[in-house]
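Hi there,

I'm passing a structure on to you, along with some notes on what turned up in it. Please open it and keep it beside you as you read.

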Amino acid sequence: MLFNSVSFLIFFPVVVLGYFVIPAKVKNLWLLIASYYFYMSWQPVYALLILFSTISTFVCGLLIDSARSRKRKKLYLAVNIIINIAILFYFKYFNFFVETLLELFPSLSIAKNNNMLAVVGISFYTFQSLGYCIDVYNGKTEKETNFLDYALFVSFFPQLVAGPIERSTNFLPQLKKTYKFDYDRVTDGLVMMAWGFFKKLAVADTAALLVNAVYNDVTNYTGVQLVLATVLFAFQIYCDFSGYSDIAIGAANVLGFKLMRNFYHPYFAQNVVDFWRRWHISLSGWFMDYIYIPLGGSRKGNVRTYVNIMITFLISGLWHGAAYTFVVWGALNGLYNVCERLLFGKKQRQIRQRQKNGLPVKQPPLYRRIFNALVTFAFIDFSWIFFRANSMTDAVYIVRNLFSDIGSLFAPGYITSMLTPMGFFDKNGWAVILCIVIMMAVEMWEGKDTLVQRINKCPWPVRWAFYYSVIILIALFGYFGQSQFIYFQF
Amino acid sequence: MLKLIVKLAMFIPLLAVMMYVSYRVDPSGLFWGAGFERQASEYMLAGEYISGYERLDGRALNEAYAKNVESRPQILINGSSRSMLIDSSFAEGKTLYNAGNVGADVYDFFTSYYIFSREGKEPEIFVMGIDPWIFNDGSENIDKRSDKELYFQFIGEELGFENQQYEKDNPYEKYLALIDPSYFQGSVAYYFKDKSAEVSPQPVPKDEIYNQSEIIKCPDGSIIYDVYFRTRDQQVADWDALTAANMPLMRLVDFEQLSADYTRQFEKFIEYLQNKGISIIFYLPPYHPYIIEAALADYDTYHSLFDVELYLKDMADKYDIPIYGSYNPYAVNLTNTDFMDGLHLRQDSIRKILPVIGEESNNLEENNI
């Protein structure tokens with residue numbers, strides 16, 4: 001069931017209403033049933049996978065907790081990780097693995113499983129439940145003894161298929177509380193959801209019409225067309241994913257749960273390291289805590305730090321998809337991070353140290369911040385080419401032809417003649433750009449607050465003007481063809 | 001909870017405005033009929049003659065007219081352009097609407113009636129302008145502009161023919177468009193669209209309607225051909241007819257026999273109309289003498305043309321229906337000069353074979369075949 005579907009428009013109010021009228025002791029059961037129904041609306045049989053993942057990690061948590069020796073705890077954890085990663089590998093990476101093997105050894109008699117359907121959100125719930133086991137192993141969280149609560153932690157429908165990847169330390173304690181209807185909380189949640197729908201429908205999905213036209217047929221496009229499609233894709237993926245997160249956070253908030261913030265104005269980032277602190281925060285944090293730090297983090301010298309960064313980003317690339325393009329995307333971002341540390345690491349560490357010590361840090365002037373943000377955006381957007389391209393061949397073609405028409409750029413009518421064939425004027429291109437500008441302006445206006453906090457500080461006419469504007473913008477410019485969220489595939 | 005409901009209710013005006021915009025602009029013509037056709041129908045309802053008919057969708061125009069006309073036309077006419085010269089002068093004292101269509105096929109034959117009946121505007125008298133090809137079931141005889149779905153709906157839902165390619169319409173489904181954001185977007189886009197480049201139908205002053213260089217659509221649905229076509233030299237008209245006669249006759253080739261399906265539907269249609277108390281008149285628009293001679297000369301190919309006429313005569317007898325005209329011009333005492341080309345009779349010549357409707361029993365009984 002998609003958030004942007006009529007089914008969800010019916011499902012969500014029913015779940016919310018039911019949740020607030022039923023007795024407290026069955027509220028979590030109600031949410032669990034709703035969550036499984038939500039998930040089974042894609043492919044009912046794959047609910048067995050999530051059930052298996054839930055049972056195995058739940059039992060693992062109990063075993064780790066009850067084990068007396070560290071060695072035994074480690075064994076339980078290792079077995080559980082292997083089982084869950086094996087399932088993830090089979091359903092997500094098996095075909096990619098077979099393809100790679102066949103490329104290397106064409107004589108091998110091994111075949112792909114072409115009947116396998118993509119399992120929606122498998123990477124998300126696998127990582128979330130594995131994170132719980134690792135937390136129990138590290139003593140960061142208590143074992144969960146209530147299976148229903150644990151099952152709800154793994155399958156909670158707002159964040160089940162595309163995050164945020166919640167931490168057991170944040171979410172499990174919330175499941176022990178009972179939430180009653182609270183007007184302010186519910187309206188805050190609805191505002192977040194509306195803003196998420198704006199990002200998804202008015203920016204991501206309408207931008208996708210133009211991006212797909214170019215990226216699905218790259219050799220028919222060149223120069224400015226490829227640049228525009230790549231820039232638009234940066235906003236498409238941001239609004240698609242952060243839109244989903246906003247809807248998830250808002251929906252959870254309506255029910256009373258607080259999910260972690262997943263994005264913090266990533267395109268205002270001043271450098272690539274800063275970008276990764278603002279982008280998909282729950283996943284970046286997961287990789288930091290469960291991959292980068294266990295590998296040694298930055299504690300074992302510079303070279304080892306750079307290697308750890310590269311490993312983490314390569315795994316992050318593979319996490320996003322089973323294709324070489326994602327591996328290159330991960331490698332590029334790893335490389336950006338390493339280069340940045342090499343060039344500016346000392347200065348950045350000094351700034352962080354001053355911030356840690358509560359000392360004032362001199363902000364660069366506005367023009368410098370804008371310049372930094374633009375340069376960072378350019379690097380990140382360049383890496384998005386590999387993330388979005390349908391194949392390495394396409395990606396290489398795009399890179400080679402990005403600036404092929406730079407000499408003609410200022411010729412009269414050239415830009416228009418380039419934009420027309422990609423459907424810019426037919427597919428609401430101007431509306432997409434307008435909505436992107438509005439979204440970025442709102443993010444600037446938010447400052448360090450969340451959107452809801454910022455709006456709640458405003459007088460009621462401003463608040464209502466905002467609500468009305470969001471709805472009108474969605475109604476005028478939204479795409480209502482029910483497109484999937486990009487991150488469902490991960 | 002009540003507070004939340006009250007606050008949510010504050011969005012109702014916004015929703016109402018969006019619904020109103022969708023309803024009034026109605027880019028797909030769900031509520032008012034299609035754009036220019038709706039505009040044309042409004043002119044017609046205001047008694048105007050309009051230009052630009054050939055650029056309009058005649059079917060959509062009839063639908064818009066049927067939706068928007070306040071009271072039913074007492075006389076309704078269907079048929080192809082061969083019947084579209086029958087105008088209000090054939091209906092003294094009664095309202096008439098000619099729902100014929102250029103290139104009308106068997107689907108149009110049924111749907112021309114249905115678009116009025118489904119609006120609750122059934123006529124007292126239904127004049128069937130019957131072209132022979134409506135009984136020819138070859139797929140090439142179907143006009144791409146006709147409404148196949150509506151035809152299947154009519155014969156399935158109204159005439160009771162089962163297993164038709166038709167799914168019953170939900171009459172309320174169109175109202176879902178009012179809460180469909182895509183329809184709202186379409187409405188806004190259509191409202192602001194630059195329509196200056198599009199040629200819209202324009203009213204033509206009444207004293208100039210016979211001087212136009214294009215077909216004029218009359219407020220009663222009939223048409224007036226352009227001045228050149230009507231006034232050209234008879235030799236040119238005959239030359240046209242001769243050319244047409246030397247080519248495969250329009251929609252009459254591969255016409256081995258009358259379609260069993262279409263004849264069953266035709267008979268059921270007659271019974272259906274008579275059960276509703278609607279009087280029926282058959283009008284068979286004649287062909288130019290050159291055409292009929294060509295058909296007679298190649299009787300093996302074109303025998304069904306004559307079979308249709310015999311069949312219709314049988315039906316007229318069986319159901320006690322007056323029948324006027326004949327595909328054979330000689331049978332109704334017409335000559336070359338009565339025709340503007342191979343297929344189209346002059347309006348004055350139609351008067352020779354079709355009486356003023358409602359007074360049929362008087363003066364033209366002899367032309368009744």
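Predicted model: local features only at pLDDT ≥ 70, side-chain atom pairs only at ≥ 80, totals over all residues.

Let's begin where the two chains meet. The contact is made by 10 residues of chain A and 11 residues of chain B. On chain A's side, the elements that give two or more residues are α8 (183-215) and α19 (460-477). Of these, α19(A) gives the most, with four residues. By class, chain A's side holds eight nonpolar residues, two polar ones and no charged ones.

Next, look at helix α2 of chain B, residues 12-25. Its 14 residues, at 1.5 Å a residue, should span 20 Å, and the end C-alpha atoms are 20 Å apart, so the two agree. Which residues of α2(B) are buried? They are Met18(B), Ser22(B) and Val25(B). These three lie on the same side of α2(B) because they cover an arc of only 90° around the axis. Their cover includes α19 of chain A and α7 (181-192) of chain B. The face turned away from the buried side carries the exposed residues Ile12(B), Pro13(B), Ala16(B), Tyr20(B) and Arg24(B). Just after the helix, Asp26(B) has a positive phi of about 45°.

Finally, back to chain A. Arg70(A) sits in helix α4 (residues 70-104). Is Arg70(A) buried or exposed? Arg70(A) has 9 C-beta neighbours inside 10 Å, so it counts as exposed. Arg70(A) is 67 residues from Tyr137(A) in sequence, yet their C-alpha atoms are 8.9 Å apart in space.

Happy exploring!

Technical notes:
Residues numbered from 1 in each chain as written. Chains lettered and ligands numbered in written order. Buried ≥ 20, exposed ≤ 12 C-beta atoms within 10 Å, placed from the backbone. Contact = placed C-beta atoms within 7 Å. Nonpolar A, V, L, I, M, F, W, Y, C, P; charged D, E, K, R; others polar. Expected span 1.5 Å × (residues − 1). Arc of directions from axis to C-beta.
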